[in-house]
There are 2 protein chains.
Amino acid sequence: MASFPRSEVPNTYSAIRNQKWSSAEKAIARKAFDRALHQYLDAIIRQVKKMAGRIEEPSDLWELERYLTERRKEIDRQYDYRYSVLLNVFADLIQKGRLREQDLQGLSEEKLRHVHHLAQAGRPSEL
Amino acid sequence: MASFPRSEVPNTYSAIRNQKWSSAEKAIARKAFDRALHQYLDAIIRQVKKMAGRIEEPSDLWELERYLTERRKEIDRQYDYRYSVLLNVFADLIQKGRLREQDLQGLSEEKLRHVHHLAQAGRPSEL
């Protein structure tokens, strides 16, 4: 859990949720988001081809099915392009090594500070 | 729907369900069942390798996932080795071209007659 004093947490929440996004920022965010998603999907495609190439037993089929289902659910959950949660999403992707802070250059200083803080904070998706 | 006069249907049901299986018949049934299942699983493995080789877009991933899920559910439903339903299962597999009547040679005449009749009757799994 985060170690904010209790009274500060709602302020952090609303500060993040209520950020205003300029058109230029939206373009930067969309580009960073799409690139991270496409890179992740490409990695999944490579992994699926590798797993399929190694299938020998029926159990390998169902392992591949499970892998695909888990990735699909993970993507549905994690790649959420709503501005109210987007800074948390970016922090999460940075933590997982799927995005770099420099991909977000051009966002306001305040947004970058939130993302940096959230990415450092442990498990931002559980905040 | 099958076209039995109504009064005959329960008799057909119980005749099929109440068949006695000798040890020799069980061995024949098990061998035919296992061979049909393994051949089907091998065909699925070949198909999955082919589909994986052709993946280019993310949508191809989820098409592969759906294919695997459908096959797993179909196998769970269709390959049911209980003696009370096994003649229906065999008839169904014959209809789908996954088993031949001659694979069952050695079962009693009555069982072979039931299987033949069910396989001709349209959709035995809905009887």
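Reader: Are A:Arg71 and A:Glu74 buried or exposed?
Author: Happy to start there, and please keep in mind that this is a predicted model. The two side chains meet in a salt bridge, 2.9 Å from N to O. Both residues lie in helix α3 of chain A, three residues apart, about one turn of the helix. As for accessibility, A:Arg71 and A:Glu74 are both buried.

Reader: How are α2(A) and α2(B) oriented to each other?
Author: Good one! The axes of the two helices, each spanning residues 23-53, come within 9 Å and cross at roughly 150°. Angles over 145 degrees count as roughly antiparallel. Therefore α2(A) and α2(B) are roughly antiparallel.

Reader: Which residues make the contact of α2(A) with α2(B)?
Author: The crossing of these helices is left-handed. From α2(A) come A:Lys49, A:Ala52 and A:Gly53, and from α2(B) come B:Lys49, B:Ala52 and B:Gly53.

Reader: What separates B:Asp34 and B:Arg30 along helix α2 of chain B?
Author: Their salt bridge has its closest N and O atoms 3.3 Å apart. B:Asp34 is partly exposed at 26% relative accessibility, and B:Arg30 is partly exposed at 35%. Because they are four residues apart in the helix, the separation is about one helical turn.

Conventions
Residues numbered from 1 in each chain as written. Chains lettered and ligands numbered in written order. Predicted model: local features only at pLDDT ≥ 70, side-chain atom pairs only at ≥ 80, totals over all residues. Heavy atoms only, no water. Axes fitted to C-alpha atoms, helices over the stretch in contact; angles between N-to-C directions. Parallel < 35°, antiparallel > 145°, perpendicular 65-115°, else oblique. Left-handed = near helix turned anticlockwise from the far one by under 90°. Contact = heavy atoms within 4.5 Å. Salt bridge = Lys/Arg side-chain N within 4 Å of Asp/Glu carboxyl O. Buried < 20%, exposed > 50% of the residue type's maximum accessible area, 1.4 Å probe, protein only.
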